[in-house]
Amino acid sequence: MTNEPEIDISSVDFSDLEKKYTVEDDGSYMNKFIIVDGAPIAPESKVPILTKVLKKLFSAVGELQDDSIHMPLEDGKTKGYLFIGYKTAEGANEAVKKLHGKKLDQQHRLLVNKFSDMDEYLTDFNDEFKEPATYKLPSTKVLDSWLLDEQARDQFSLEMGNIAGIYWYKHGFPPTPVVEPRVNWTELFTKFSPKGSYFLSVHKLGIHAWGGEDFKSIHKFYHPGVRLIDFSPDERYLVTLSPEPITLPTKNHPARASFPFKQEDVGNKLVIWDFQTGLPCRTFALPPDLEKEKKMTWPLVKWSYDSKYCARKGPGAIAVYEAPSFQLVNKKLLNAPGVAEFEWAPAGVRTETQKKGEEPEHLLAYWSPEQINLPAKVAVVQVPTNSIVRTVNLTNVTDCKLYWHDNGSYLCCKVDRHTRSKKTIFSYLEFFKVTKKDIPVIKLELKEAVTTFAWEPTSERFGIITTDDVQGTTPNKMNVSFYAPEISKGKVNTETVWRPFRTIGGKNSNAIVFSPKGRFVVAATLNAGSGDLDFYDLDFEGERNENDTKFKVKASFKQLAHHGYHGITHLQWEDSGRFVAGWSSVWKHTSDNGFKIYNFAGILQIEDQVEAFKKFSWRARPKSILTEEDKKKVEENLEQYSAQFEELDSMEADANLREIIMRRKKLLKEWKEYRDFVEAHLKELGLYEEEKKEDVEVIEEVREEILEEKEEIVD
């Protein structure tokens, strides 16, 4: 073979050819291709079937190019990734937006990215592995340390002007700061998480989370213009909404690499964050009908009791997502024509048909108003099957509200109906007994319009506020009524027939707020010029109650207190049910702003009128870890614990009294030591005979009594 001579082409001018044939690449061609990772690794013989499945999936979001799927092979098997080409860049964008993170089957989740984005990810690529920095939350012990307070004090937050603070509260004592109140701690408002682990402040650029003993910074969530926030029940996920659509920094911007959002998030406004990683799980655009709303319905995303599922309402359907992937359950929407509202059951539901050991069911309920040739209806849906387990049709419906009982055993639908003339509104209540077989429904007819409904959290009792409501006229005074199941033959009626056991007429009340522990309830007049608070006990233990029913019910009514509270706008119980706070917010009006704290019996504990006062909020407590046996022991020894805490309170309230108590304790200790010494000496001499006696517990009580009180005028 002869060697071909080498030709030097360095001096040859190709500029004319380059000018004629060079294709200017503005990036539009590569924008039509996507890279799909996470596909099954299959033998070469299965490639045609796998290609067919993937082609059907990806062609659903855009038109594919001819021979558009390329699946690399190695050693007779696919490599788990592939390349797909679309005819337009819009098709590729839709594939990334709708199919990224989609489950192909139980073992495979597809990760979809645009081919043109690879340059961004592969910039300054290094073959040497470097472990990325990870974000870790503080330990639960640090976040919940306040629960170990020896005095069992509560905490609450206050916002006033440009100052926000968190305070300790103990019965009978003025609040004391947990940390020094901070100027400009928030630019909009603050919020505790559902279990009280975190304190969030809202700013123009996003959310700042705080926690621990000193409320130090934990993490920041970048979401410019954020206005509304919400948590999942287990505090795992944070939801934020901003009126400003998400935008990305330019590719060469130094913030692009660490920016939390990607190309598929551009234009969206609603974000679900993983609180543990600080990263967005998924973003959503607002439905077109909500884009025009001036006042946003919130929350837009609602959660199941255990945060396993979440859902949001859309036109004619409910989108139910499964965490943590946040992909649609069953890969499709829950069809709900004309859906107006929906609510999750706040607890897992154990039905009579369930087998022992099965997990409680996830249920949600929705209602739809009347449509052409379709009546209004209420439906109960089981998730994740998305099957309707009970439905009730309604006629002549003006409105409907859904109220789940806290334990998930009942669903009450407050149905407002109109007469044929549509001049008069009246209500009735539909009760779904969801734990029973076939979910029986009990109807309670009423002759008036119900404006407010509230379940007692710990029983089957409830309260309502009613009025004679004729459209176009001024409503009459309100009636506050409380209902309980009727007792028949010594037992609660198995058919759960509710009977009113007390009605208070001539009121202005517009809210019923039960204690989280039940029994005590406040009927309030909020957001009105002259506010009112009425405190009631539904299990009064005295001899004479105020029941006004001929039926036998498990209730004993007694009014405990009445207070006028001018300008009150909000009311909130503390989680233990010991205290309730009311406040007048400058966000509603500028008159008599401030807050008051009452105990469960309606006795005023503290009040403070504060200029530019905005918000009061109790710090939430997590669910108790005490067993029923532990709680029983506490109840049996309540007097002993009470005496100990009362002594500590007395000592803290009066320095002189503290000195007296400490002196008595010292003398008592010296006396016991002397007796022990004498008994030991007598035993040595054989002169001591032990007496058999039962164990006796000595409890020392200190009582204060005012013997005489005089008032003198000093010049």
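Start by selecting Thr 525, and look across to Asp 532 in β41, which stands opposite. You're looking at a predicted model, in which local features need pLDDT of at least 70 and side-chain atom pairs count only at pLDDT 80 or more, while totals for chains, interfaces and linings use all residues. Residues are numbered from 1 along each chain as its sequence is written, and side-chain values use heavy atoms, leaving out hydrogens and water.

Now widen the selection to β40 (residues 520–525) and β41 (residues 530–537): they run antiparallel and are joined by 6 bridges. Strands here are DSSP runs of E with at least two residues, helices are runs of H or I with at least four, and both are numbered from the N terminus. Two strands pair if DSSP finds at least two bridges between them.

Next, bring in the rest of this open sheet: 4 strands, ordered β39-β40-β41-β42, with antiparallel pairing. Look at the edges: β39 (511–514) and β42 (558–566) each have a single partner strand, so one side of each lacks a neighbour in the sheet.

Hop over to helix α7 (residues 628–636) and pick Val 634.

Finally, zoom out to the whole protein chain, with its 9 helices and 47 strands. Of its 715 residues, 41% count as buried.

Conventions:
Buried means under 20% relative accessible area, exposed over 50%, partly exposed in between (1.4 Å probe, protein chains only).
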